[in-house]
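Thanks for coming, everyone. Have a look at the screen.

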Amino acid sequence: MKNLVDREISKDLRPYGEQSLQKSNHLSKKQTSTQVEFFSSYKEAFDFFSLKDGITVSFHHHLRSGDGVINDVCQEIRSRDFQHVSLMPSSIFPTYQGIAQLIREHRVNNIVTSYCNGEVSKLVQQGLLQGDFVMQTHGGRARSIMTGERKIDVAFLACPTVDKSGNGSGMEGKSACGVLGYAISDLEYAKKVILVTDHLVESLDQYQLDGKYVDGVIVVDSIGDPQGIVSGTTRITRDPIGLKIAKDTTKLLDALGLIEDGFSMQTGAGGTSLAVAAYVKELMKQKQIRARFCSGGITSYFVEMLEEGLVDKLLDVQCFDLEAVRSSKENKNHQAISASVYGNPDETNPVSEQLDFVILGATEIDLNFNVNVTTDSFGAIIGGSGGHSDIARGAFVTVVVSSLVKSRLPILRESIRTITTPGCDIDLFVTERGVAVNPLRTDLIQKLDQAGIAHWSMPELLQIAHEMTGVPRALSFSNEVIGYVEYRDGSVIDMLYQEGFE
Amino acid sequence: MRSLLFIPANQPAMLQNAFLFDADALIFDLEDAVAPEEKDNARHLLHEFLQTMKKPPHVWVTVRVNGVDTEDFLRDVALLRHDSIDAFVLPKASAEAICRLRDQFDHPIKVIPIVEESYQILRMESIAKEEGVMALLLGGEDLARDMGATRSKLGNEIAYARGRVVMIAAAYHLISIDTPYTDVLDDIGFETELEIAKSYGMKAKSAIHPRHVEGINRTFSPSVEEIRFAEHVMEALKAGKSGSFRVDGRMVDRPIVDRAKQTLERAKQYGLVKSS
């Protein structure tokens with residue numbers, strides 16, 4: 001059966017469609033525990049909670065590439081010869097080799113995550129999972145846990161500092177990673193919650209993880225390498241094409257009246273997105289205006305804006321670098337939020353829906369503005385929605401920025417390999433060779449026309465791309481399903497396939 | 001013409017993107033940016049590009065050919081002779097070298113000589129007088145090397161050359177083009193050099209990185225105040241003023257009127273005021 005974006009979906013799954021904006025009922029949060037048990041090894045904790053074959057284990061990814069807990073838990077699972085395990089890490093980075101090893105040994109049934117890159121992607125695309133590989137959005141992950149659609153037996157939550165009441169904070173300790181926004185739904189809804197720390201203190205005055213939900217604490221020598229939390233792309237691009245796109249985007253946003261006193265914005269941590277933030281900052285200084293808030297993953301760039309008084313507050317779901325970690329600890333206007341508050345469609349007023357504009361990327365985009373950030377053009381899994389679909393839906397104006405052509409391949413295509421975010425949620429596509437406006441946004445088209453800013457249709461931009469590259473030959477991909485892409489409401493927007501060609 | 005952006009001719013992606021950066025002129029470079037073993041490739045790539053490019057009408061397409069004393073010079077000219085090139089940029093140019101370049105064509109051509117050696121600075125007037133010369137481009141790096149000086153942020157070592165380029169260009173109604181700023185990571189140094197070049201009276205500046213184009217265009221465009229004053233001068237003329245009169249508190253006479261006209265002409269050319 002086909003869904004609303006014309007993708008064939010397996011019969012046993014709920015297709016993405018018109019009902020996708022209805023809100024669902026949340027479960028009650030878990031019973032609070034009266035006693036927090038402390039352990040000095042994973043083995044003790046596994047024994048105490050009688051963890052066994054078939055468990056579903058969740059993790060957050062706030063230590064990003066520096067995470068040591070995920071690999072340690074996977075090692076304990078191996079040493080106990082567990083089978084049929086399901087994993088729910090909020091994201092998977094190439095350093096999470098422990099997961100890859102479990103897959104190679106055929107111990108894993110299902111993996112549910114919001115982002116995946118590296119060895120794990122390759123293995124799941126070889127069909128080595130016994131069950132499904134499911135890619136959610138950050139907000140959708142929180143929703144699915146809170147509604148009970150996804151049940152977690154045990155959450156192992158890396159926590160840079162824990163006190164003797166089981167309260168946890170990411171701000172302190174040798175492995176400080178700042179905000180722990182993706183851990184909150186796991187904390188409040190997993191059947192068992194185990195914090196893993198390398199810094200135990202008597203008591204914490206401020207904490208993000210409330211000890212009343214915590215069942216156990218494992219104290220280890222190290223939970224990871226804090227240097228590894230720095231995201232790979234947190235520098236403003238120096239690529240002239242990226243800078244041109246960023247500059248043109250800023251002009252566009254200004255012409256649309258979106259950069260005015262009290263506005264709100266989110267940009268990703270990619271080089272071009274950060275360059276937009278830099279140009280917006282310059283413009284804000286010229287216009288002598290302040291932003292109400294900036295949200296999302298926070299980089300040092302936004303910390304600078306906060307400290308220079310250009311933005312009232314940062315609403316931070318994860319820290320992308322160590323400057324953001326410092327700020328989250330020191331500045332009361334740098335506020336931690338959970339993934340649910342950030343982008344859960346069931347929240348009354350999630351942050352994503354308060355945004356005036358958001359700048360997003362794309363690995364591919366089609367003529368209907370559908371965006372792929374999950375796979376590359378050859379179908380290899382290289383990322384995932386993260387918050388892409390959440391904020392694309394929520395923000396008043398959603399801008400996708402990209403070169404029209406990368407490495408001789410058009411980014412704009414008649415049809416893309418995987419749909420991550422539906423085109424109805426993308427308003428503007430800004431490239432170095434022109435801007436396309438979604439025909440659904442007649443209000444934006446009218447404003448740009450009034451401002452005398454040229455814009456093109458997607459077919460016109462495609463024509464420009466094809467003049468440069470020729471028309472790419474259509475490829476016939478494998479049709480062996482290995483999983484699916486879940487939209488934020490739990491419906492299925494696209495299927496995932498084994499890598500390779502027919 | 002305010003900005004001239006060098007584009008290495010052996011890099012397809014840079015050729016393809018050349019027109020995206022709002023440079024008033026592009027200098028497709030077959031000389032210093034291209035290694036000897038790459039010269040043939042670059043020449044043919046550029047030739048193909050020039051035949052298929054979609055050039056915005058207001059952009060100047062120029063090519064820096066190899067020096068006239070090299071074998072590559074003749075190969076460059078032989079292949080590109082019939083391409084759409086608005087001007088040739090000639091390195092280490094002398095009056096004789098310009099003649100030699102001109103002789104390769106059976107139609108008039110425009111030439112932008114680069115003055116980058118001390119003897120050229122001394123003989124610059126003879127270069128400026130040559131038929132077809134439309135501008136003088138100062139090559140600060142090579143000049144400093146030729147003088148045994150070290151390039152500095154304030155550019156004292158090329159002060160004399162800068163002044164001489166501006167003076168001779170003005171005398172012969174040519175465009176004076178400043179040397180490119182080569183430290184692409186030093187934004188503050190770049191802004192300082194823009195101010196220095198403008199204070200000398202340079203009319204344009206070359207760039208080796210696209211991110212410098214915007215600053216150059218901004219610096220060498222008439223300012224809002226200059227445009228407003230020029231408009232007031234024109235309004236006063238329309239209202240019947242003549243001879244010597246006062247506008248916005250300033251005395252206006254023939255040279256000021258001429259400059260106001262030039263200011264408005266440049267402002268129109270760069271899209272800063274409506275053509276009407």
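Start with the contact between the two chains, where contact means heavy atoms within 4.5 Å. Chain A puts in 10 residues and chain B puts in 11 residues. This is a predicted model, so local features need pLDDT of at least 70, side-chain atom pairs count only at pLDDT 80 or more, and totals for chains, interfaces and linings use all residues. On bookkeeping: residues are numbered from 1 along each chain as its sequence is written, chains are lettered from A and ligands numbered from 1 in the order in which they are written, and side-chain values use heavy atoms, with hydrogens and water left out.

How much area do chain A and chain B bury between them? About 990 Å², with 51% of it on carbon and sulfur atoms. Buried area here is the accessible area (1.4 Å probe) that two parts lose on being put together, summed over both. Three residues stand out on chain A: Arg238(A), Pro240(A) and Arg433(A). They supply 47% of the area that chain A buries against chain B, more than any other three residues.

Now the charges. Between chain A and chain B the count is 2 salt bridges. A salt bridge is a side-chain nitrogen of Lys or Arg within 4 Å of a carboxyl oxygen of Asp or Glu. One of them pairs Lys247(A) with Glu214(B). Their closest N and O atoms are 2.8 Å apart.

Which elements of chain A supply at least two residues each to the side that touches chain B? Helix 7 (240–255) and helix 14 (458–469). Helices (H or I, at least four residues) and strands (E, at least two) are DSSP runs, numbered from the N terminus. Helix 7 of chain A gives the largest share of that side, 5 residues. By type, the side of chain A that touches chain B has 4 nonpolar, no polar and 6 charged residues. Nonpolar covers Ala, Val, Leu, Ile, Met, Phe, Trp, Tyr, Cys and Pro; charged covers Asp, Glu, Lys and Arg; the others, Gly among them, are polar.

On to the cysteines. Over all chains, the structure holds 0 disulfides, a disulfide being a pair of cysteine sulfur atoms within 2.5 Å. Take Cys177(A): its nearest cysteine sulfur, in Cys319(A), is 7.4 Å away. Cys177(A) is buried, at 0% relative accessibility. Cys319(A) is buried too, at 2%. Buried means under 20% relative accessible area, exposed over 50%, partly exposed in between (1.4 Å probe, protein chains only).

Next, two loop residues. Ser90(A) sits between strand 3 (85–89) and helix 3 (97–104) of chain A. Ser90(A) is buried, at 0%. Beyond four places in sequence, Ser90(A) touches residues including His60(A), His61(A), His138(A) and Arg141(A).

Over in chain B, Thr179(B) is in the loop between strand 7 (175–178) and helix 9 (187–200). Thr179(B) is buried, at 1%. Leaving aside neighbours within four places, its contacts include Glu141(B), Arg151(B) and Lys205(B).

Last, backbone angles. Asp6(A) is not a glycine, yet its phi is positive, near 70°. Asp6(A) comes before strand 1 (37–39) of chain A. Is Asp6(A) buried or exposed? Exposed, at 52%. Asp81(A), also not a glycine, has a positive phi of about 60°. Asp81(A) is partly exposed, at 45%.
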